[in-house]
Every structure is written in C-alpha cells, then in structure tokens.
Amino acid sequence: MRAVLLAICMVAVLTGTLGPPLALAESGIRVDGGTLDVGGGRVVAEKVSVAASAKLVGRGTVEGDTTVAGTVSPGELAATSADTLSFSGTLTFLPGSVFNCYVASHVLSDMISGPMISGDCEVRVTKAAGAVPLDKMIVQGSAGSVFDGFSVGGGNPEDWELESVLLNLHLTDLVGDSDGDGLPDVFERDFYGNRTSALPKEDDDADKMTNEEEYIAGTNPRDPESVFEVTAIEVTGGAKPEVKWSSVAGRLYKLERAPVLAPAMYSVVVSNLPATPPENSHEIEPGDAEKYFYRVKVRRQ
Ligand SMILES: [Ca+2]
Ligand SMILES: [Ca+2]
Ligand SMILES: [Ca+2]
C-alpha cells in the first residue's frame with residue numbers, strides 16, 4: 001500500500017456511538033492542530049504524531065508508535081471527566097508536552113497506559129472538590145517506561161507528588177484533607193493507617209508537640225524521639241555564636257533572639273532559611289546584650 005501521510009488540521013472525531021468503533025488505518029497520522037478524539041475506538045497507524053498545538057483526547061486505544069509535542073487529555077470530553085487512553089506502541093512525550101490529568105475521586109482519575117512510555121512531560125493536575133488521590137496510578141507502563149522527565153506543572157505543583165513505582169507513575173495529593181482537620185490525608189495515612197483518624201490537638205507520643213505541630217515541623221507524631229528542637233548553641237574559638245536545630249526537607253526556618261526571656265522581646269535574626277536536613281546551623285553576629293535567648297520557628301515551604 002502506498003504510504004500516506006494524513007495531516008489532520010481540524011477536529012477529527014472517532015466515536016463508538018454511531019456503530020462499531022472506527023479505525024483509521026494509515027501508515028502515518030499527524031495531528032497538526034485541533035483535537036483528535038479517540039472516542040472509545042481505535043486509531044491505527046504505524047506512527048502517530050501530535051503537534052505542539054494539538055490535543056489527543058478520549059478513551060480508547062492508539063495502535064502505533066506515538067510522539068506527542070502537544071497535549072494528551074483522556075477525559076476531557078467524558079461525562080465523568082476521567083478516562084483511560086491506551087497506547088499499544090511506544091509513547092514518547094517531547095519537551096513542552098502536557099498530560100492533563102483530572103482526578104474525579106480518591107480512586108478515579110485520567111490515566112495513560114502503554115508498554116513503553118517516556119520523555120519529558122508536564123503533568124497538569126486538576127481535581128474534583130473532595131478528591132484526594134493517594135498513590136493513585138496515573139500512568140501504567142511496563143518494561144521500557146521511564147518517567148524521569150515527568151513533572152507536575154500547572155497551579156500549585158508543590159501540592160502534588162509524582163512517584164515512579166515499579167514501572168508505573170503514581171500521583172499523591174500532599175495537601176488534600178478529607179475531614180478538614182488541618183492534617184492532610186497523606187499525613188494521616190502514613191502515620192495512622194487511614195485518612196482521617198489522627199486528632200490534630202492530641203500529642204500521641206507525649207513529646208510536647210501536638211500532632212498538628214509535628215505535621216508542620218515534619219516530625220513523626222508516633223515517635224517521641226522525633227521532635228523539632230534546638231540541638232546546640234556553640235561558640236568556638238571566640239568566633240560568632242552558632243545555633244543548630246533539627247531540620248526536615250520542605251520547611252523554612254526563622255531564628256529569633258531576645259536579651260531576656262520574654263515573648264515580646266524576641267526579634268528576628270534571620271528568616272526563610274531553607275532546610276539542610278538533618279540539621280541546620282546558623283552563625284550569628286554578636287549583639288550588644290550581655291546574653292541572648294534563642295528560639296527557632298518553622299513553617300512548611
Ligand atoms: Ca485530615
Ligand atoms: Ca507529639
Ligand atoms: Ca514526635
């Protein structure tokens with residue numbers, strides 16, 4: 001058969017609603033713009049390419065090696081807004097490409113599956129109110145799949161974690177809070193075994209930090225040895241005093257001091273210090289007072 005390069009510049013819709021699933025059988029399909037809706041059917045070609053300004057949407061299967069410079073958005077046209085798009089050949093995301101991943105519930109989200117998925121891809125996550133995915137598989141790969149070039153983009157990327165688990169890519173909501181108690185589902189799940197059982201004002205390990213304070217500091221609410229504390233104040237060789245404290249990734253610290261032990265007397269020495277786990281240290285310019293009391297505050301980054 002003569003090789004045919006089909007350029008789809010507008011909307012091409014394949015749906016299963018008017019009969020059996022349709023199939024485009026060509027040696028090459030190039031989506032130059034607009035939206036190609038797989039629509040529950042199959043797209044069959046030796047090679048499929050989706051240009052930077054084009055979208056590939058819908059549930060179904062793309063049979064052929066696929067290259068995406070644009071956007072893959074499985075559930076964009078679905079009533080539930082979450083669907084799975086499968087690829088039977090290689091799927092390569094080029095720099096600038098996007099996977100729109102809508103999370104409809106704790107367990108339902110847009111998904112991509114295929115045997116060899118790789119490249120550079122920005123995963124743009126949106127979700128329904130109340131949906132809190134924890135370790136939700138959003139890309140199902142297999143041998144040959146590599147997700148090093150996948151990262152969360154869009155609004156608030158710091159709220160999400162992408163993790164390559166075996167040959168799949170998992171998504172976790174780091175801030176979603178089903179019971180609205182200030183402790184994210186992932187924190188309660190990790191330390192208490194389910195999404196909602198931790199009580200923020202309790203101090204379950206009796207280390208003088210409430211469970212909520214342990215969440216903010218990044219310490220373990222079930223381990224009394226895991227606490228946020230100043231570990232040392234040192235003056236070595238007549239040099240500047242050095243304050244040290246325990247630190248956890250993803251936190252920012254503020255160091256304050258006061259000449260007398262009174263809350264109103266503290267002033268800021270330095271703020272927005274990034275964490276250098278497991279310990280931070282900071283040298284301080286000597287002041288005029290005879291002595292100083294030091295304290296450190298922490299917040300999530
Ligand atoms: Ca909670
Ligand atoms: Ca505690
Ligand atoms: Ca603790």
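## Overview

The protein has 2 helices and 22 strands, where helices (H or I, at least four residues) and strands (E, at least two) are DSSP runs numbered from the N terminus. This is a predicted model, in which local features need pLDDT of at least 70 and side-chain atom pairs count only at pLDDT 80 or more, while totals for chains, interfaces and linings use all residues. Residues are numbered from 1 along each chain as its sequence is written, and chains are lettered from A and ligands numbered from 1 in the order in which they are written.

## Confidence

The predictor's confidence in each residue is called pLDDT and runs from 0 to 100. Its mean for the protein is 89, with 91% of the residues reaching 70 or more. Over residues 1-22, pLDDT stays under 50. Where pLDDT is low, the predicted coordinates should not be read in detail.

## Overall shape

Along its principal axes, the C-alpha trace spans about 90 × 40 × 30 Å. The protein has a radius of gyration of 26 Å, whereas a compact globule of 301 residues would have one near 19 Å. This radius is taken over C-alpha atoms, and the globule rule is 2.2 Å times the number of residues to the power 0.38.

Buried residues make up 32% of the 301 residues. A residue counts as buried if 20 or more other C-beta atoms lie within 10 Å of its own, as exposed if 12 or fewer do, and as partly exposed in between, with C-beta atoms placed from the backbone.

## Helix α1

Let us look at one helix. In α1 (residues 185-192), Asp185, Val186, Phe187 and Glu188 are buried. Their cover includes β16 (168-173) and α2 (211-217). After α1 comes glycine 193, with a positive phi near 90°.

## A three-stranded sheet

Next comes an open sheet of 3 strands, in the order β20-β19-β22 with antiparallel pairing. Because β20 (267-274) and β22 (293-300) stand at the edges with a single partner strand each, one side of each is left without a neighbour in the sheet. Neighbouring strands here are turned by 20° against each other on average, direction ignored.

Strand β19 (residues 251-258) is joined to β22 by 8 bridges; two strands pair if DSSP finds at least two bridges between them. Glutamate 256 has arginine 295 in β22 as its bridge partner.

## Aspartate 120

Aspartate 120 sits in strand β12 (residues 116-127). It is partly exposed, with 14 other C-beta atoms within 10 Å. Leaving out residues up to four places away in sequence, aspartate 120 touches Phe93, Leu94, Pro95, Ser97 and Gly149; a contact requires C-beta atoms, placed from the backbone, within 7 Å.

Conventions:
Contact = placed C-beta atoms within 7 Å. Axes fitted to C-alpha atoms, helices over the stretch in contact; angles between N-to-C directions.
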